[in-house]
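Dear colleague,

Please find the structure below, followed by a short account of what was found in it.

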Amino acid sequence: MNKDKWIMNNYIKEIDFSKYSSIHIGPKAEVLVINEIGEYEDYTILGRANNVLISNTHPKFAVLGEAFDYIKLENNLLYVGCATKSGKLLSYAKKNDIADLEFLGKLPGNLGGLVKMNAGLKQWEIFNYIHSIKTKDGYIKKEDIEYSYRQTKIDTIVYEVVFNVKKGFSKEQALLFKQMRDNQPQMPSAGSCFKNPKGDFAGRLIEEVGLKGYKKGDMGFSEVHSNFLVNYGSGCYDDAIHLINLAKQRIQEQFHIKLHEEIVIY
Ligand SMILES: Cc1cc2nc3c(=O)[nH]c(=O)nc-3n(C[C@H](O)[C@H](O)[C@H](O)COP(=O)(O)OP(=O)(O)OC[C@H]3O[C@@H](n4cnc5c(N)ncnc54)[C@H](O)[C@@H]3O)c2cc1C
């Protein structure tokens with residue numbers, strides 16, 4: 001790779017994760033902003049930090065820059081750069097009468113994070129509508145990617161997502177998705193803390209073991225939705241980890257169920 005070009009297009013910026021991350025936890029850090037497809041094995045890629053909990057001993061982070069914030073429609077396929085926000089893609093779908101992306105309303109993140117996490121709501125998840133993804137090795141078809149509920153086997157940076165295009169944006173469906181969000185806590189969080197175990201709900205189990213509304217310091221399992229670990233002000237990483245471990249331990253002891261975190265811990 002031409003080193004001068006690399007330096008010209010990529011750059012370093014400081015991110016204060018206590019403001020940038022949705023859970024409002026984390027230190028300030030120098031982050032690489034990537035505007036060129038390349039080899040970045042030394043870095044951990046982040047999107048909008050809506051699903052992460054960041055410690056003071058985190059790895060070196062990178063984010064995608066302006067070069068990957070685009071939406072292009074060509075030959076009935078939609079090419080979306082992975083720095084594009086979910087809300088921007090939703091607005092585009094509405095304006096251009098494209099179906100199936102209505103579930104992106106109030107599902108915060110960049111396309112890269114959404115794809116890596118196979119984000120979604122109930123049976124609507126992003127992999128249902130994907131045609132392929134682009135990595136440093138070129139395009140990879142959906143059929144060749146392993147994915148399931150809230151996870152994928154993607155272990156590299158995704159630069160672009162390609163969607164199949166179907167006509168017909170549904171305003172009714174978009175409104176329904178918005179209403180489905182009404183029960184979510186308004187406090188800073190990283191979304192659902194744990195994945196739902198098969199045939200059950202993490203929120204129900206947290207409530208059963210007496211942790212709904214339970215706090216440690218300024219962190220707690222929300223009164224509104226137990227599976228949301230929320231920050232009541234100056235919540236910190238250590239208190240979040242304490243609560244995560246406590247819930248896992250109690251649920252293991254009482255129900256013999258091993259909970260897995262949905263949030264990604266660094
Ligand atoms: C209030 C709230 C509500 C939420 N509701 C839902 C919901 O209903 N359903 C749901 O599924 N999620 C939900 N979430 C979680 C979150 O919206 C999703 O996980 C989203 O996909 C995170 O995107 P992000 O850009 O913030 O990713 P980050 O949090 O920055 O990263 C998440 C993971 O993706 C990886 N990643 C990021 N970018 C890339 C890339 N370009 N290439 C490869 N890997 C990458 C990161 O390494 C990390 O492992 C919610 C979060 C909040 C705060």
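Of the 34 residues around the ligand, those that come nearest are Ile45, Gly47, Ala49, Pro108 and Gly120; a residue counts as near if one of its heavy atoms lies within 4 Å of the molecule. This is a predicted model, in which local features need pLDDT of at least 70 and side-chain atom pairs pLDDT 80 or more, while totals for chains, interfaces and linings use all residues. Residues are numbered from 1 along each chain as its sequence is written, and side-chain values use heavy atoms, with hydrogens and water left out.

The shell around the ligand divides into 16 nonpolar, 13 polar and five charged residues; Ala, Val, Leu, Ile, Met, Phe, Trp, Tyr, Cys and Pro count as nonpolar, Asp, Glu, Lys and Arg as charged, and the others, Gly among them, as polar. Helix H4 (111-116), strand E3 (44-46), strand E8 (120-121) and strand E15 (189-192) each supply at least two shell residues, and H4 gives the most, with four. Helices (H or I, at least four residues) and strands (E, at least two) are DSSP runs numbered from the N terminus.

Polar contacts are pairs of N or O atoms within 3.5 Å. A polar backbone atom of Gly47 is 2.7 Å from an oxygen atom of the ligand. Nitrogen atoms of the ligand also take part: one lies 2.6 Å from a backbone N or O atom of Gly120, and one is 2.9 Å from a polar backbone atom of Val158. The protein buries 93% of the 990 Å² that the ligand exposes when taken alone, with areas from the Shrake-Rupley method and a 1.4 Å probe.

Kind regards

Conventions. A polar contact is a pair of N or O atoms within 3.5 Å; within protein, one must be able to donate a hydrogen and the other to accept it, and residues adjacent in sequence count only if both atoms are side-chain atoms.
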